[in-house]
Structure formats: C-alpha cells, structure tokens
Amino acid sequence: MDNSVPDFVLFLGRFHPLVVHLPIGFLFFAFVLEVFSRWKKNPMLTTGIPFALLLGGISGVVACALGYMLSLSGDYEADALDTHFWFGIATTAIAFIAWLIRIEKIKIAKLNRLRPNISSLTLLVILLSVTGHYGGNLTHGSDYLLKYSPFGKEEKTELVAVTKLEDAQVFNHLVGPILDNKCASCHNESKKKGSLSFHDSTAILKGGKNGKILISGNASESEMIKRVLLEPHHDDFMPPEGKTPLTEEEIAILTYWIDNAKGNFDATVANVETPEDISGIASTMLGLSSSVAKGADIALPTVNTVAVNQIVDLEKEGFTLRELVFDSGLYEVVLAPNTVVKGDGQAALKKLEKLLTIKENIIWLSLEDNQLTDESLKIVGQLPNIQKLKLNKNPLSDIAITELVNLRSLTSLNLYGTQVTSKSLQTIAKITSLKHVYVWKTNIKQEDIDEMALNDYPKVILGL
C-alpha cells in the first residue's frame with residue numbers, strides 16, 4: 001500500500017462492498033419491472049423504471065468512487081482490478097443512458113427498431129453480471145465461481161493418497177489444505193491482502209509488505225504463526241474477524257512444518273522428526289488410524305455422507321463445518337465464540353440439539369465462549385465419535401463433565417476458563433481414551449493433580 005494514501009480514504013473505501021449492492025438492486029429491479037410489464041401487458045408497471053435507473057446510476061457513481069478508494073490499498077492484482085473497475089464504470093454510464101432513453105431525453109429514430117428500453121436494460125443485466133464476476137474474483141480468487149462446476153475444469157495434479165503417515169508430504173498433504181481453507185480467500189493471485197499470496201511456494205517464500213512470513217526452523221518468530229496466536233481482538237490477528245480461526249491442531253501442524261521440516265516444501269513425514277501428538281493430528285487429517293493413550297488405537301469410523309441440506313441447516317444456526325478427510329463424512333464443527341449471547345443458555349441448548357442430526361459425523365467440536373450450561377453437555381455426550389472437544393470459557397461445573405464419561409474416542413478436552421473443580425479429575429480419569437486435558441483458569445490446582453496421580457494419562461495441563 002502507498003503510505004501517502006490517507007487513512008480516511010481507505011476507511012471510506014471499505015464501504016464499497018456494502019454500497020455496491022445498491023446499484024445492483026436498483027438496476028435489476030428496473031429490468032424485472034420491464035419484463036413483468038410486458039408479460040402482464042400492464043404499462044403502469046413501468047412508471048417506476050426511470051426512478052430505479054436514476055438511483056442505480058447515482059449509487060453506481062458512489063460505488064465506483066468508493067471502489068477506487070479501496071483499490072488504493074494495493075491489496076489487489078492490478079489487471080483483475082482494472083477489468084472490474086472499467087466494467088463498473090461502463091455499467092454506471094449505461095445506467096444513465098438507459099435513464100435518459102426512458103425519460104425521452106435521448107431520441108434516435110433509428111434505434112426504435114432495437115427497442116432501446118428493453119435492450120438497454122438487458123445490456124445492464126449482462127454488465128452487472130460480468131462486473132460482479134470480476135469483483136468476486138478479486139475477493140475470492142479467479143476460480144471461485146467455476147471451482148465446482150462439472151465442466152471446463154482445469155486439470156490439476158492430484159496428490160497420491162497415502163496409506164502410511166510416513167509417506168505423506170508435510171506441505172502438500174498437511175499444510176497446504178490448511179492454508180487453502182483458512183488463508184487463501186484473502187491471500188490469492190487476485191486478492192493479496194498485505195501484498196501476500198499463498199498461491200504457491202514462490203509466493204509464500206516472498207512474503208508480504210511486512211517481509212517474510214516464515215523463518216525456517218523458528219516458528220515462534222515467523223509472522224505466519226505469530227499472527228494466529230494473537231488475541232482475537234488484536235488488529236493483526238489472523239484470520240480477520242468474520243473468518244474461521246485456525247484450530248489448535250492446525251496451528252500445531254504449521255509450527256511442525258516450520259520448526260521440524262524447516263519450512264521445506266518437499267519434505268515427507270518419514271524424513272522429519274515427528275512428535276507423537278503431531279502424528280495423531282496428521283493421521284486424523286489424512287484419514288489414517290490415530291494412536292492414542294495407553295497403547296490403544298482408535299480407527300476413524302465409517303459413517304454415512306452428510307446431506308447438503310443438513311450442512312445448510314447447521315450453518316444457519318451459526319456452525320461452521322469442515323470435512324477433515326475428503327469424502328469421508330467426518331467433520332470439524334465450530335460454533336464461533338459469542339454466537340450465543342450472555343444469559344441465553346437455552347439458545348445454546350437448542351443449537352446443540354441440531355448437531356444430533358449428524359452426531360456420528362463429528363470428530364472435532366469447538367464450542368468456545370457460548371454460554372453452555374451443564375444441561376447442554378447432555379447433547380455433547382451423545383456424539384459417539386468425537387475426539388477433540390473445546391468447551392473453554394463456558395460456565396460449566398463438575399456436573400457437566402460427568403456427561404462425557406461415555407465418549408470412548410475423546411482424546412483432547414479443553415476446559416480452560418470453566419468452573420470445574422478437583423471433583424472433575426475423578427470423572428476425567430474414567431475417560432480412558434483421553435490424552436490431554438486443559439484446565440488453566442479453573443478451580444483445579446496443581447496439588448489436586450498431584451494427589452490424583454494420573455500417571456500422565458491423561459496429561460492434565462494447568463497452564464500454557
């Protein structure tokens with residue numbers, strides 16, 4: 001970004017995505033009125049068209065101006081930006097021309113055969129669609145619209161599925177999918193927030209406007225890791241508000257890649273020192289069996305596919321779903337913090353009841369800071385295949401933890417910031433699959449843990 005651009009200009013530019021919907025709405029409304037009036041043969045319906053065109057043109061001017069201000073941030077690829085900008089200008093100009101034709105300020109007899117009213121409105125709809133397409137490319141990447149289309153797909157080199165963890169490529173099989181899911185929407189070929197792209201290894205190594213984002217062998221000093229570990233309300237926290245944050249497991253994989261694999265894009269797990277906990281996370285991501293506590297093996301279950309309408313219904317409730325292994329039907333489910341407002345515990349219960357429709361498909365579940373009550377945990381206790389569970393920053397007591405005893409696949413439990421006491425340690429010890437329990441900022445003290453003598457299984461972690 002050019003440092004000479006005033007902050008106020010960039011502030012105004014941020015309103016472009018909001019304002020740009022006004023001309024879209026007005027101009028499409030004008031087109032619908034025209035078509036509907038011809039269909040119903042009711043000319044009275046056309047009386048509102050001139051006003052809609054005028055408002056569409058005026059709001060188009062404002063949207064173009066704000067879009068130009070936003071472009072000064074330097075976060076967008078120049079060619080794609082120019083195409084979007086000039087199509088926006090053309091759309092606005094045609095809107096005013098269509099308005100002048102409609103109010104008969106422009107009269108060209110030779111155009112009568114072309115039916116200028118319906119022709120100009122049809123042209124506007126086409127221009128709006130093209131302009132919107134290029135705007136979507138800037139925001140989501142050039143393949144966003146056609147990514148899942150059944151035709152015209154670009155041939156891509158598919159990764160060979162692995163049957164052994166040792167054969168997996170650290171970047172391509174583990175790190176790449178995380179970056180694609182959580183980072184690439186803002187850092188791609190077309191949209192380069194902070195002049196940073198995760199499109200390929202060259203772009204990643206190049207870094208962004210603040211320099212390199214990874215330091216080989218030193219994750220703690222790499223911007224890629226430092227940004228995701230900031231407080232969520234920090235201005236530099238990544239991903240930004242409104243995007244799904246990285247999970248603890250995803251951060252662990254990125255750290256492993258930088259520290260152990262030295263940020264190498266070709267390294268395989270076999271050639272890298274891999275801690276046991278990373279092996280478990282990676283195995284889950286790749287659909288392989290995961291070694292857990294006390295020598296037991298928990299194989300990933302075979303489950304039915306989740307229907308699209310089920311995913312849509314859960315997303316309406318505020319849940320984010322991510323399939324952990326392609327075409328496995330096994331999901332990470334996240335309810336973003338503060339989705340449920342304080343004092344409305346029943347709302348949390350109603351949302352969790354919706355999860356029972358896919359109860360066998362949930363492997364990782366995050367319910368951080370959502371006013372969960374002890375009663376809510378009765379629902380969580382019915383999710384038979386859950387392995388990672390985050391309940392932190394909820395007003396839960398020891399009663400809630402008793403609802404989890406029958407979760408025989410649970411390996412990681414986060415109780416940070418809850419109201420549990422040492423009584424819960426007796427319950428936790430009964431969950432034989434548990435490996436890690438996080439209890440800092442609870443009523444559990446180190447002497448309570450020592451007294452239980454859990455022999456490190458599960459490992460009760462009292463602080464960071």
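Author: In helix H11 (residues 276–286), the buried residues are Ile278, Gly280, Ile281, Ala282, Ser283, Thr284, Met285 and Leu286. Here buried means under 20% relative accessible area, exposed means over 50%, and partly exposed lies in between (1.4 Å probe, protein chains only). Helices (H or I, at least four residues) and strands (E, at least two) are DSSP runs, numbered from the N terminus. Helix H11 is thus mostly covered, with 8 of its 11 residues buried. The model is predicted: local features need pLDDT of at least 70, side-chain atom pairs count only at pLDDT 80 or more, and totals for chains, interfaces and linings use all residues. Residues are numbered from 1 along each chain as its sequence is written, and side-chain values use heavy atoms, with hydrogens and water left out.

Reader: Which residue takes a positive phi just after H11?

Author: Gly287 does, at about 80°.

Reader: Which residues other than glycine have a positive phi?

Author: Among them is Asn338, with phi near 70°. Asn338 lies in the loop between strand E4 (331–335) and helix H13 (345–354), and its relative accessibility of 46% makes it partly exposed. Another is Lys441, whose phi is near 60°. Lys441 belongs to the loop between strand E8 (436–438) and helix H17 (446–452) and is exposed, at 64% relative accessible area.

Reader: Where is a cis peptide bond found?

Author: Such a bond joins Met238 and Pro239, with omega about -5°. Pro239 sits in the loop between helix H9 (223–228) and helix H10 (248–259).

Reader: Why is E4 described as largely enclosed by the rest of the structure?

Author: The description applies because 5 of the 5 residues of E4 are buried.

Reader: Which strands pair with E4, and in which sense?

Author: Two strands pair if DSSP finds at least two bridges between them. Strand E3 (residues 319–323) pairs with E4 in the antiparallel sense over 5 bridges, and Leu321 stands opposite Val333 of E4. Strand E5 (residues 362–366) pairs with E4 in the parallel sense over 4 bridges. There, Ile362 of E5 is the bridge partner of Tyr331.

Reader: Which residues form a nonpolar patch on the surface?

Author: A nonpolar patch joins side chains of Val, Leu, Ile, Met, Phe, Trp or Tyr within 5 Å, while like charges are joined within 9 Å; members have over 30% relative accessible area and no salt bridge. A salt bridge is a side-chain nitrogen of Lys or Arg within 4 Å of a carboxyl oxygen of Asp or Glu. Phe8, Phe11, Phe15 and Leu18 form such a patch, with about 440 Å² of accessible area together. Phe8 is placed in helix H1 (residues 7–13) and is exposed, at a relative accessible area of 54%.

Reader: How many helices and strands does the chain have, and how much of the chain is buried?

Author: The chain has 17 helices and 9 strands, and 45% of its 464 residues count as buried.

How values were computed:
Accessible areas come from the Shrake-Rupley method with a 1.4 Å probe; for residues, only the protein chains shown count as cover.
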